[in-house]
Amino acid sequence: MSPDGGRAGERARRAPLRPRAEHLGPERRRPLVLDAALRLFVERGYGGASMDAIAAAAGVTKPVVYQCYPSKGALFEALLEREEGRLLGAVGEAIPERVELGGLERVLRDAFTAILSAAAAAPDSWRVVFDSERGSEPAVARSFIRGREMIVERIAQLVEQVLVEAAAKDRDRRVQLYAELIASIGQAGGRTLLESSAGWTPDELGAHLAGLAVRALEPA
């Protein structure tokens with residue numbers, strides 16, 4: 001071996017080793033896995049988003065995905081909870097605890113506009129939340145129902161205030177019906193905003209839906 005070769009080998013042995021890439025544990029991997037699952041759910045639906053496909057989309061192995069979530073159902077339940085929080089949080093913040101008589105239309109306009117704006121800003125989140133209602137995984141569908149029920153309960157409180165103050169007849173039977181109607185109107189509005197070619201904006205559609213809802217709620 002030449003002297004130059006010996007010196008080069010010695011320098012290589014003395015050179016500090018490059019640090020290994022930082023290991024990402026399950027807590028830090030989970031958001032990446034959920035992001036990949038979100039894209040696949042929108043593209044392929046629940047049935048087409050296999051754990052193998054999610055692992056490939058996230059750039060990890062399937063065992064790593066299972067370290068993050070023990071099953072496909074658990075993964076999609078966590079995904080739904082995250083995306084649901086993004087959307088329904090905006091709605092919850094827009095709905096006050098009380099409403100002045102005659103102010104329900106403004107409250108509903110703000111709530112509808114909030115969820116429509118959230119849907120426009122994060123259409124994949126909206127699709128995974130509301131498509132889950134038709135999903136094949138019961139645990140995922142139950143998670144959607146729980147989140148929706150929270151919003152319906154808040155709306156029912158406001159509807160009850162309006163009907164009581166207006167001395168409306170048969171109000172005990174109408175409160176839940178009207179609250180469900182308002183929630184369904186909001187859900188239909190989100191689908192219209194994202195899938196229709198009519199060119200609605202969240203503000204325009206929110207105001208229109210609020211007007212429809214209030215007319216349906218006119219005390220009798």
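A crossing is right-handed if the near helix is turned clockwise from the far one by less than a right angle. In this predicted model, helix H6 (residues 104-121) passes helix H9 (residues 171-195) in a right-handed crossing. The two helices pack at an angle of about 35°, and their axes are 10 Å apart. On the H6 side, the contact is made by Leu108, Phe112, Leu116, Ala119 and Ala120. H9 contributes Ile182, Ile185, Gly186, Gly189, Gly190, Leu193 and Leu194. By class, this contact has 9 nonpolar and 3 polar residues. No charged residues take part in the contact of H6 with H9.

H6 also meets helix H10 (residues 202-216). Here the axes come within 8 Å and cross at roughly 140°. H6 and H10 are therefore oblique to each other, since only angles over 145 degrees count as roughly antiparallel. The crossing of H6 and H10 is right-handed. From H6, the contact draws on Leu104, Glu105, Leu108, Arg109, Phe112, Thr113, Leu116, Ser117 and Ala120. From H10, the residues in contact include Pro202, Asp203, Leu205, Gly206 and Ala207. Leu209, Ala210, Gly211, Ala213 and Val214 of H10 also belong to the contact. The contact of H6 with H10 has 12 nonpolar, 4 polar and 3 charged residues.

Phe41 and Phe76 form a tilted pair, at 5.6 Å centre to centre with 45° between the planes. Phe41 lies in helix H2 (residues 26-48) and Phe76 in helix H5 (residues 72-94), so this pair ties together parts that are 35 residues apart in sequence. Both Phe41 and Phe76 are buried. Tyr46 and Phe76 form an edge-to-face pair, at 4.9 Å centre to centre with 65° between the planes. Tyr46 lies in H2 and Phe76 in H5, so the pair ties together parts that are 30 residues apart in sequence. Tyr46 has a relative accessible area of 12% and is buried, because buried means under 20%. Phe76 also counts as buried, at 2% relative accessibility.

Glu83 has a relative accessible area of 0% and is buried. Its contacts, leaving aside neighbours within four places in sequence, are Leu38, Ser125, Val128 and Val129.

Ile155 has a relative accessible area of 7%. Leaving aside neighbours within four places in sequence, Ile155 is in contact with Ile95, Ala179, Ile182 and Ala183. Of these, Ile182 also takes part in the contact of H6 with H9. Ile155 and Ala111 are 44 residues apart in sequence, yet 9.8 Å apart in space, C-alpha to C-alpha.

Helix H3 (residues 51-58) has Met51, Ala53, Ile54 and Ala55 as its buried residues. Gly59 follows H3. The phi of Gly59 is positive, near 75°.

Note on methods:
Residues are numbered from 1 along each chain as its sequence is written. This is a predicted model: local features need pLDDT of at least 70, side-chain atom pairs count only at pLDDT 80 or more; totals for chains, interfaces and linings use all residues. Side-chain values use heavy atoms; hydrogens and water are left out. Buried means under 20% relative accessible area, exposed over 50%, partly exposed in between (1.4 Å probe, protein chains only). Helices (H or I, at least four residues) and strands (E, at least two) are DSSP runs, numbered from the N terminus. Axes are lines fitted to C-alpha atoms, for helices over the stretch in contact, and angles run from 0 to 180 degrees between N-to-C directions. Angles under 35 degrees count as roughly parallel, over 145 as roughly antiparallel, 65 to 115 as roughly perpendicular and the rest as oblique. Contact means heavy atoms within 4.5 Å. Ala, Val, Leu, Ile, Met, Phe, Trp, Tyr, Cys and Pro count as nonpolar, Asp, Glu, Lys and Arg as charged, and the others, Gly among them, as polar. Rings of Phe, Tyr and Trp (its six-membered ring) pair if their centres lie within 6.5 Å; planes under 30 degrees apart count as stacked, over 60 as edge-to-face and the rest as tilted.
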